[in-house]
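These are my notebook entries on a single protein chain. I set down what I looked up, entry by entry.

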Amino acid sequence: MPNIKNVISINPDNRVDFKNNIDFCVGTGRWGLALTEEYLKELQFVQNEIGFKFIRGHGIFADDISIYHEYEDNGEIKVEYNYTYLFRIIDRFMELGIRPYLELSFMPYQLAKGTQTLFHWKANTTPPKEYTLWADMVVDLLKNLRARYGEEVLDWPVEVWNEPNLPGFWYKADMDEYFKLFKETYNAIKNYDSHFKVGGPAICGVMEAEWTSEFLSFCRKYDIKPDNITRHHYTVEFPEAIGHYDYSKLEDSDMRIENLQATRDLVDSFEEFKGTPIHITEFSTSYTPRGVIHDTNLNAAYLAGQLSRLGDMNELYSYWTFGDVFEEKGVPNSLFHGGFGMVAAGNIPKPTFWIFSFYKQLKCFSEACVHRDKNSVIVKSDKGYAGILWNADEEEFTQKISFNANVNLSTAETSTGMTSTEEYMLIVKTVDEECCNPLKLWHDIGEPPYPTKAQTELIKSGAFPLVTSDVIKTENGNADIDLTIKKNGIVYFELSERHFTPDRGYDYDKATTFH
């Protein structure tokens, strides 16, 4: 099939609404994993490149963190709290420049009403045996966080539970029981200090509209005003399980965005909740930690389009997850096992890592968005232009193999534009199946489940973008750049004024041709 030619003409005075909240929050496996060395190495790698503000994970009250304890004293059952592990984890988070997004889950064994558990690590997903004990534990947590970390804790978002609309995550997916949990938690926190921001219901996939509507009706009835509405966003059909792995087909990207807009419209249909921020506290393609798509270039290219639009109706969107240290279905069997993470073991960045890096670079570069369509977003500042282009081959939805984009950028001086010059430097970073594909390299060397140090370094060497450069000369105040985006590829570019400062006697052309 021949390449498709796209021509993008940029007016520097054009303005397009584009909210890029790429670095607000990222997901993690359960809190207890933050006590391991590999976890912290992966998080530091991610923070050095992207720098997320918040991190959200399960299990802050799980027994491996060991906060809640009951004991008997003279025939009376009493409660005490232990923050040794929690403070150790958060201290390290703070050193890495990231703060907790406080998802309040799951139930400590001694506080649980039932015995239902989920995951390899036995998360208890039943209500508390006494809501007063639960509320006391939550408030004591916030008090101790505040005493240790100061008033900034008031800005740490709080979310009540995780996916209560799914029976595995909340016993029988009991809506009324969850609403009681939310009400008791919300009131306890707000009575302690109303400045804390409390949200829910953190639903995912099943009966979304009904749960959101009933949740808001419940809040209206009891004069509860959640500071944000939380939900999740996954974009695949039900997976086919083969051995250790899950294979899924992507859903239409437009349909998934429409689903998010439907939540925005539903929230706004309640007058008292109109405009309440929506937080997507988990999003990805596949919702399983063995979803093979997570390791592919397609995953990154598809998400590039999602990330260009998620800010339209959501204040926060948190990718699930930053790294592959994750144990919901047990310890991973192999290096590339379909894990949620944007980084694999050994700090091997997957293609998806780079789309987050590129959007962060776009955010740092940008003052205004001048162009956005289904395959690109381009921003402008007094430094020049930067943009991301992608080519997601969503199977039945498109047959594009690759396309060439000719981007015409006005470089003439305008009231808001770049100063006139004759030369610009063009930097291009490409991530596609040919030049940045650690999964293929791992496959080609035999799919070693536990790579040696040398194999890990080899795979990692093939996991970085191809960086190219050029000098672009303007013609009539315009600069034309030609970019090829191959199947499942992503291209990031920057075009900015070139300041040429050669040393005396140095001639690049002569140096590269003289023999």
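**Entry 1. An arginine in a helix**

Does R264 count as buried or exposed? I looked up its relative accessibility, which is 11%, so R264 counts as buried. I note at the outset that the model is predicted. R264 belongs to helix α6, which covers residues 253–268. Leaving aside residues up to four places away in sequence, I found R264 touching F273, G275, T276, P277, I278 and M313.

**Entry 2. Confidence**

I then looked up the pLDDT. Its mean over the chain is 93, and 95% of the residues reach 70 or more. Residues 414–419, however, have a pLDDT below 50. In the model this stretch has 21 contacts beyond near neighbours in sequence.

**Entry 3. Helix α3**

Which span should the 19 residues of helix α3 have? At 1.5 Å a residue, helix α3 (residues 131–149) should span 27 Å. The C-alpha atoms at its ends are 27 Å apart, so the model agrees with the expectation.

I next listed the buried residues of α3, among them Y131, W134, V138, L142 and Y149. R146 is also one of the buried residues in this helix. After α3 comes G150, which has a positive phi, near 90°.

**Entry 4. Aromatic rings**

How many aromatic pairs does the structure hold? I recorded 43 of them. One is formed by F18 and Y359, with 6.5 Å from centre to centre and 50° between the planes, and it is described as tilted. This pair links distant parts of the chain, since its members are 341 residues apart. F18 is in the loop between β1 (4–10) and β2 (25–27), whereas Y359 is in helix α8 (residues 351–365). F18 has 15% relative accessibility and therefore counts as buried. Y359 has 0% and counts as buried too.

The pair of W170 and Y178 is edge-to-face, with 6.3 Å between the centres and 85° between the planes. W170 is buried, with a relative accessible area of 0%. Y178 is likewise buried, at 0% relative accessibility.

I also noted a charge above a ring. The charged end of K380 sits over the ring of Y385, at 5.9 Å from its centre.

**Entry 5. A buried alanine**

A304 lies in helix α7 (residues 297–307). Its relative accessibility is 0%, so A304 counts as buried. Not counting residues up to four places away in sequence, A304 touches I355, Y359 and W390.

**Entry 6. Cysteines**

How many disulfides does the count give? The count comes to zero. C369 is in no disulfide, and the nearest cysteine sulfur, that of C364, is 16 Å away. C369 is buried, with a relative accessible area of 5%.

C435 counts as partly exposed, at 24% relative accessibility.

**Entry 7. Backbone details**

I then recorded two cis peptide bonds. One joins S105 and F106, with omega about -20°. F106 is in the loop between β6 and β7 (117–118). The other runs from W320 to T321, with omega near 15°. T321 is in the loop between β15 (316–319) and β16 (343–344).

I also recorded positive phi values outside glycine. Phi of N74 is near 55°. N74 is in the loop between β4 and β5, and it is exposed, with a relative accessible area of 80%. Phi of E447 is near 55°. E447 is in the loop between α9 (438–444) and α10 (453–461), and it counts as partly exposed at 39% relative accessibility.

Technical notes:
Residues numbered from 1 in each chain as written. Predicted model: local features only at pLDDT ≥ 70, side-chain atom pairs only at ≥ 80, totals over all residues. Heavy atoms only, no water. Phe/Tyr/Trp six-rings, centres within 6.5 Å; stacked < 30°, edge-to-face > 60°. Helix = DSSP H or I, 4+ residues; strand = E, 2+ residues; numbered from the N terminus. Buried < 20%, exposed > 50% of the residue type's maximum accessible area, 1.4 Å probe, protein only. Lys NZ or Arg CZ within 6 Å of the ring centre and 35° of its normal. Contact = heavy atoms within 4.5 Å. pLDDT = per-residue confidence, 0-100. Expected span 1.5 Å × (residues − 1). Disulfide = S-S within 2.5 Å.
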